[in-house]
Amino acid sequence: MIDRITYCMSEDSTNDELAAQVMRVIAATHHIPVESISIDSTFEQLKIDSLDGINIVFALESEFKISIPDDAMQNLRSIQDTVTGVRELLAKRDEAGSPA
Amino acid sequence: MGAVCALGNTVEECWVKLSQGVPAIEPLRNPGNPPYKFQQGAVAYNYHGLDHFSEKELGMIERFAQFAAVAAREAVAQSGLNFHSKLKEKTAIITGTSVGGQFAEEEGYIRLYRENNPRIAPLTIPRTMSNAGASRISLEFGIVGPTYTISTACSSSSHAVGQAFWMVRSGAVTAAIAGGSEAVFAEGLLRAWEAMRVVSVDTCRPFSIGRRGLILGEGGAMLVMENWEHALARGARILGEIRGFGMSSDAHHLTQPTHEGPHRAMRLALDDAGLAPEDVDYINAHGTGTPVNDSTETEAIYGLFKEHARKLLVTSSKSMHGHTLGAAGALEAVVSLLALRHGLVPPTANFVGHDPACALDVVPNQARHVPIQVAMSNSFAFGGLNAVVVLSHAS
């Protein structure tokens, strides 16, 4: 899914789609409506605590076939942080030609 | 009191079936592949997690811990206790469970060993931990006093109840929520029980001829205990009194019981209560339905009670709710308390005939109306660990 997006869309629309995909994963994992999440939402606003965080990171790893380092996870505070982090890891993965 | 098991989702629902002698043992809806050698179980099929927890919570809290929390909610609501800030510090929570959260562990092993996938679900540790039930209760009620879990196989929740009783009696705490829970119907665990060859291939017939073993059950039960003066001062409806607790170890064999260890635990419980054997009217026996347990327990009862053993009513409610392992002691203490309060002894169900090795009045198949002053609840675990609780009316 992410490969198709990366190669078929412009950078901005790719980012929009990536953000939407991250929000869908978070909504499903956290059992909240996706409409309640925006790119500006913080984890605090969404009542995502540290335990929820490890579930979300696990789901994001599965969805995007990436590996999120433990210390990076501890710095995630918002949807924007998460989208940025996932995008960087996807870029690294693509550069390396293998999972990041 | 609070209880959830195959008999029902509340104490009242359980009592309806107990008092009518209606077992909740039925064919397993998941027979296993290949089928388990045993096909009967006391599964809480009418329990639905979503009735009690949100979908998100269910992903974080295992079935055994759900049972603990649901039983605790019922017990606390019935007690009428209001946990103000000082009482929160002076309340203990002690739970018992034999194996804790098996489902998360087994899901992890399936991924790891069957699917060769090393990515284990993130909440496997907090879901699996045996203290998950105690912690959940603590979180729900904001109780910050001594909170821990005892794991002594089938005696776990008797030890929990007994320890909590001693803490309240000693003044270490003002109140306690104590009991246990177990959720055994996970495939790996069922295969392990199958390998032990102690599960009956028909049903559970404690003390009866033709008994072929135990029937596994699941559920949870909790008791709220409170300092006597504290309960009186707030006008609590006191359901009964825990009078004594005794425990012992056989130091004999991992699975073969002795009569000496249970005898000592029963005697110590009576000593602790300041009662004589002749004071006891009713024993809710460990009564698993295995050939060895029931005859050995009978021998232990005769060893302690002598001629009075012939006058005792000795039943096994496991014949109706199955062997709930770590929940058994607390669930059977609840049954004992109900028998005291109602003056009605639930029967030993599925009884087909007297075994000379179990020459006791086991109240076969039909409940009996009889006033009871003192009841004893026995729990004897694999590993030779024995725990006995003595209860009476509030005096």
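Me: What pattern does chain A follow when read along the sequence?
Reply: This is a predicted model, so let's start with what chain A is built from in it. There are five helices and zero strands in the chain. Read along the sequence, that gives α-α-α-α-α.

Me: How many of the residues of chain A count as buried, as a percentage?
Reply: A residue needs 20 or more other C-beta atoms within 10 Å of its own to be called buried. Chain A has 100 residues to check against that cut-off. The share that counts as buried is 23%.

Me: And what share of the residues in chain B is buried?
Reply: Chain B has 14 helices and 14 strands. It runs to 395 residues, and buried ones make up part of that total. Their share is 58%.

Me: Why is chain B called as compact as a globular protein of its length?
Reply: The C-alpha trace of chain B spans about 60 × 55 × 40 Å along its principal axes. For 395 residues the globule rule gives 21 Å, and the chain is close to that, so it is as compact as a globular protein of that length. The radius of gyration behind this is 20 Å.

Me: Is helix α7 of chain B largely enclosed or exposed?
Reply: The helix covers residues 132–141, and its buried residues include B:Ala132, B:Arg136 and B:Ile137. They pack against α3, β4, α6, β5 and β6 of chain B. Seven of the ten residues are buried, so α7(B) is largely enclosed.

Me: Which residue just after α7(B) takes a positive phi?
Reply: Helix α7 of chain B ends at residue 141. Just past that end, a phi of about 70 degrees turns up. The residue that takes it is B:Gly142.

Me: Are α11(B) and α12(B) parallel or oblique to each other?
Reply: Two packed helices are described by the angle between their axes and the distance between the axes. Here the axes are 8 Å apart and the angle is about 45 degrees. Angles under 35 degrees would count as roughly parallel, and 65 to 115 as roughly perpendicular. That makes α11(B) and α12(B) oblique.

Me: How many charged residues are in the contact of α11(B) with α12(B)?
Reply: On the α11(B) side the contact is made by B:Pro262, B:His263, B:Met266 and B:Arg267, and on the α12(B) side by B:Glu297, B:Ala300, B:Gly303 and B:Leu304. Four of these residues are nonpolar and two are polar. The number of charged ones is two.

Me: At roughly what angle do α8 and α14 of chain B cross?
Reply: The contact involves B:Ser156, B:Ser157, B:Ser158, B:Ala160 and B:Val161 of α8(B), with B:Ala328, B:Gly329, B:Ala330 and B:Ala333 of α14(B). Five of these residues are nonpolar, four are polar and none is charged. The axes come within 5 Å and cross at roughly 65 degrees.

Definitions and conventions. Residues are numbered from 1 along each chain as its sequence is written. Chains are lettered from A and ligands numbered from 1 in the order in which they are written. This is a predicted model: local features need pLDDT of at least 70, side-chain atom pairs count only at pLDDT 80 or more; totals for chains, interfaces and linings use all residues. Axes are lines fitted to C-alpha atoms, for helices over the stretch in contact, and angles run from 0 to 180 degrees between N-to-C directions. Helices (H or I, at least four residues) and strands (E, at least two) are DSSP runs, numbered from the N terminus. Two residues are in contact if their C-beta atoms, placed from the backbone, lie within 7 Å. Ala, Val, Leu, Ile, Met, Phe, Trp, Tyr, Cys and Pro count as nonpolar, Asp, Glu, Lys and Arg as charged, and the others, Gly among them, as polar. The radius of gyration is taken over C-alpha atoms; the globule rule is 2.2 Å times the number of residues to the power 0.38. A residue is buried if 20 or more other C-beta atoms lie within 10 Å of its own, exposed if 12 or fewer, and partly exposed in between; C-beta atoms are placed from the backbone. Angles under 35 degrees count as roughly parallel, over 145 as roughly antiparallel, 65 to 115 as roughly perpendicular and the rest as oblique.
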